[in-house]
Amino acid sequence: MEATNIIRDAVSRVTALRQSATDKPELAQAISEVKRLQARRFAGTYSDLLRTEQYQPAALFFLEELYSEKDYTLRDAQFARIASGLERLFPQQVVQTAVSMARLHHLTEELDLAMALCWLNHGELGEVARYVAAWRSVGRRADRDIQLATVLEVGQELDRLTRTPGLRMMLKMMRGPARMMGLSALQQFLESGFDTFAAMGRKGEGASYFLDTVRQREAGLIERLFQASAVACETEITRILGQAL
């Protein structure tokens, strides 16, 4: 039951964080602006991968499922609802992926809320300077490193799932039951992640190149945002945003 408790606790905390923002329209708008800029930053950082046939699907999957301002309320509710059944119905690898996703989602929402609160305190600055100032005001270097490590963990687990015999057929057979149980969003996430990494793994260096690229670029950006001068950070973020497709 440990996985069940972790998932339900994470979803409960995310729901509470969202509610705190819903009650304050200005804060909700700030969160949306922070998430939107981060999605543009991701698109710029990986503009080269987004132009390739092999890595575009994986980059889009990360952008849409992990870095976007997409409303995950429905998927969260489905994760919480099926949490107790995950450990009975799915292989351990799927359960671990769900646990990693839940942990990542909670930490990301927590950091985005903290960013939004600081974003409101720097309204006199331009967009990029405001983002850099908010990032530095929030701090929490250890949590940023954990966030990146968990993103990579989710990717590695999805890659491993593609090598689990019979799992793709199991997911396909679950479509009907998942729809009847109101779990279509969760089902779509699992199938999309599986197919994206399976296709990528059939070519060249596969998922290892993609995940190594994410590790290097994200770690490098985190280091600069914490250690470089504010002007240097603003110059770098502006350059990256200019590359966004």
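Phe61 and Phe62 are both buried, where buried means under 20% relative accessible area, exposed means over 50%, and partly exposed lies in between (1.4 Å probe, protein chains only). The model you are looking at is predicted, so local features need pLDDT of at least 70 and side-chain atom pairs count only at pLDDT 80 or more, while totals for chains, interfaces and linings use all residues. Residues are numbered from 1 along each chain as its sequence is written, and side-chain values use heavy atoms, with hydrogens and water left out.

**Aromatic rings**

- The structure holds 7 aromatic pairs; rings of Phe, Tyr and Trp (its six-membered ring) pair if their centres lie within 6.5 Å, and planes under 30 degrees apart count as stacked, over 60 as edge-to-face and the rest as tilted.
- One of these pairs is Phe61 with Phe62, a tilted pair because the ring planes stand at 55 degrees, with the centres 6.5 Å apart.
- Phe61 and Phe62 also belong to one aromatic cluster, together with Tyr55, Tyr209 and Phe210.
- At Trp135, the charged end of Arg144 sits over the ring, 3.9 Å from its centre; this label applies if NZ of Lys or CZ of Arg is within 6 Å of the ring centre and within 35 degrees of the ring normal.

**Salt bridges: the overall count**

- Searching the whole structure turns up 12 salt bridges, each being a side-chain nitrogen of Lys or Arg within 4 Å of a carboxyl oxygen of Asp or Glu.
- Among the residues involved, Lys35, Glu109 and Asp112 are linked in a network of salt bridges.

**Arg40 and Glu127**

- Arg40 and Glu127 form a salt bridge, with 2.8 Å between the closest N and O atoms.
- This pair links distant parts of the chain, 87 residues apart: Arg40 lies in helix α2 (residues 25-45) and Glu127 in helix α7 (residues 127-138). Helices (H or I, at least four residues) are DSSP runs, as are strands (E, at least two), numbered from the N terminus.
- Arg40 is partly exposed at 34% relative accessible area, and Glu127 is partly exposed at 36%.

**Arg141 and its two partners**

- Arg141 meets Asp145 in a salt bridge (3.3 Å, N to O).
- Arg141 and Asp145 are separated by about one helical turn, because they are 4 residues apart in helix α8 (residues 141-161).
- Glu223 forms a salt bridge with Arg141 too, its closest N and O atoms being 2.8 Å apart. Here the link joins distant parts of the chain, from Glu223 in helix α12 (residues 206-227) to Arg141 in helix α8, 82 residues apart.
- Arg141 is partly exposed, with a relative accessible area of 28%; Asp145 is partly exposed at 35%, and Glu223 is partly exposed at 36%.
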